[in-house]
Amino acid sequence: MSVAPAPAPTGRRTPPAGSWRAAWRRAAARLGVPLEARWLVEEVAGFAGAELWRRLDEPAPAAALARLDELVTARAEGVPLGYVLGHVPFCGVELVVRPGVLIPRPETELVVARALAELRRTGVVRPTVVELGTGSGAIALGLAAGAAGAGLAGISILAVERAGAALAVAAENLARQPRLARSIRLLPGSWFGPLPSSLAGRVDLVVANPPYVATSEASVLPPEVADHEPPEALFSARNGLQASAEILAGAGQVLSPTGVVVLEVSATRAAETTSLAAALGWRRVCVHPDLAGRPRVLVCRRAGAPALRRPGCARRDPASRGGRPHA
Ligand SMILES: C[S@@+](CC[C@H](N)C(=O)[O-])C[C@H]1O[C@@H](n2cnc3c(N)ncnc32)[C@H](O)[C@@H]1O
């Protein structure tokens, strides 16, 4: 899918009837968003970018126009673009998505980047990683895709997921990326439950984008999200903190002494999640901002973690706020 901004498919002259240009123009008028209309046209055309531009006045096959009409109707009815297209780009990997799995968000790419940076800081070259709640497999595949460039080619990732529909999509995505999938093992089950006991104390990174929307917030979510994305990927009890609390409480059992937790957090609950981590005994807790400056990625380590090669987060160690340290 091309992401270059598109000039609107408008113009003074009437496009040839049945052409891609006419189809794009109709789609843009129905959706009110020319760029989305272009992505849908590219999807059914099977060509994109400059080639689409060059072939705009060619006749479009009837079957493609019928398919385009279906896609435009679904989008106009509020189905998320990712589900309409059936795929999204994430960390350079094109992922299959469909209802039943969360559509990976661009901000989660920052979780992957932060996780790779934190792994590099530990100095381990063949790290063992546990990803909890893998959904489409986005974070696991993103880590595998970025590992070689980060000097972590020997990475090994266990990706856990409880929802059957999400697991099926993750398996499909791994099958489509055999080179990356060599580093990843999918495990069905809840959080730390399916991990082999031999991993205790040997994991270098626990990473997750857990559900963190409070159930009370369901009514303020955009309908596109609330009506279409799986509730088990969105909502968490205890005001959105339950899943993060379970992960932070369990990670101490599996992490090595230098191990690190990297967690996507709600921007509105970053402070609460930081306090929660400190109360659960984590040290060197800090939250990294997204590109808009909102606090989104929590990083924490054990109390006794050896000093790292480079300083990390400038935030104050929350140890002074109490909590039992993970020794
Ligand atoms: C916010 S989604 C994240 C999906 C994917 N990692 C991403 O970033 O696009 C959270 C995922 O956690 C899964 N999940 C929720 N509770 C779980 C549990 N107890 N054990 C394992 N997975 C769980 C959900 O099914 C969902 O796929």
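Which residue stands opposite Arg301 in strand 11? In the predicted model described here, that residue is Val260. The pair belongs to the contact between strand 9 and strand 11, which are joined in the antiparallel sense over 5 bridges.

The chain comprises 14 helices and 11 strands. Of its 327 residues, 42% count as buried. Among contacts between residues at least 6 apart in sequence, 72% join residues at least 24 apart. The average pLDDT of the chain is 91, and 89% of the residues score at least 70. Over residues 314-327 the pLDDT is below 50, and this stretch has 26 contacts in the model beyond near neighbours in sequence. Residues 1-8 also have a pLDDT that stays under 50; for them the model has 15 contacts beyond four places in sequence. Where pLDDT is low, the predicted coordinates should not be read in detail.

An open sheet is formed by 7 strands in the order 5-4-3-6-9-11-10, with mixed pairing. Its edges are strand 5 (184-188) and strand 10 (283-289), each of which pairs on one side only. From one strand to the next, the twist averages 20°. Strand 3 (residues 128-132) and strand 4 run parallel and are joined by 5 bridges. Thr128 has Ser156, in strand 4, as its bridge partner.

Strand 11 (residues 295-301) pairs with strand 9 in the antiparallel sense over 5 bridges. Strand 10 likewise pairs with strand 11 in the antiparallel sense, over 5 bridges. Within this second pairing, Cys286 stands opposite Val299 of strand 11. Because 6 of its 7 residues are buried, strand 11 is largely enclosed by the rest of the structure. The hairpin of strand 10 and strand 11 has 5 residues between the strands, and Gly293 in this hairpin takes a positive phi near 85°.

Two residues other than glycine also have positive phi values. Most residues other than glycine have a negative phi. Arg284, found in strand 10, has a phi of about 50°. With 20 C-beta neighbours inside 10 Å, Arg284 counts as buried. Asn239 lies in helix 12 (residues 237-240), and its phi is near 60°. Asn239 has 15 C-beta neighbours inside 10 Å and therefore counts as partly exposed.

Helix 7 lies across strand 3, strand 4, strand 5 and strand 6 (203-208), and runs at about 170° to strand 4. Helix 13 (residues 242-254) touches strand 3, strand 6 and strand 9 (255-264), and its direction makes about 165° with that of strand 9. The buried residues of helix 7 are Ala138, Ile139, Ala140, Leu141, Gly142, Leu143, Ala144, Gly146 and Ala147.

Ala60 counts as buried because 20 C-beta neighbours lie inside 10 Å. Apart from neighbours within four places in sequence, the contacts of Ala60 are with Gly18, Ser19, Trp20, Ala23 and Leu65. Val44 is 16 residues from Ala60 along the chain, and the C-alpha atoms of Ala60 and Val44 are separated by 9.6 Å.

Definitions and conventions. Residues are numbered from 1 along each chain as its sequence is written. This is a predicted model: local features need pLDDT of at least 70, side-chain atom pairs count only at pLDDT 80 or more; totals for chains, interfaces and linings use all residues. pLDDT is the predictor's confidence in each residue, from 0 to 100. Two residues are in contact if their C-beta atoms, placed from the backbone, lie within 7 Å. Two strands pair if DSSP finds at least two bridges between them. Helices (H or I, at least four residues) and strands (E, at least two) are DSSP runs, numbered from the N terminus. Axes are lines fitted to C-alpha atoms, for helices over the stretch in contact, and angles run from 0 to 180 degrees between N-to-C directions. A residue is buried if 20 or more other C-beta atoms lie within 10 Å of its own, exposed if 12 or fewer, and partly exposed in between; C-beta atoms are placed from the backbone.
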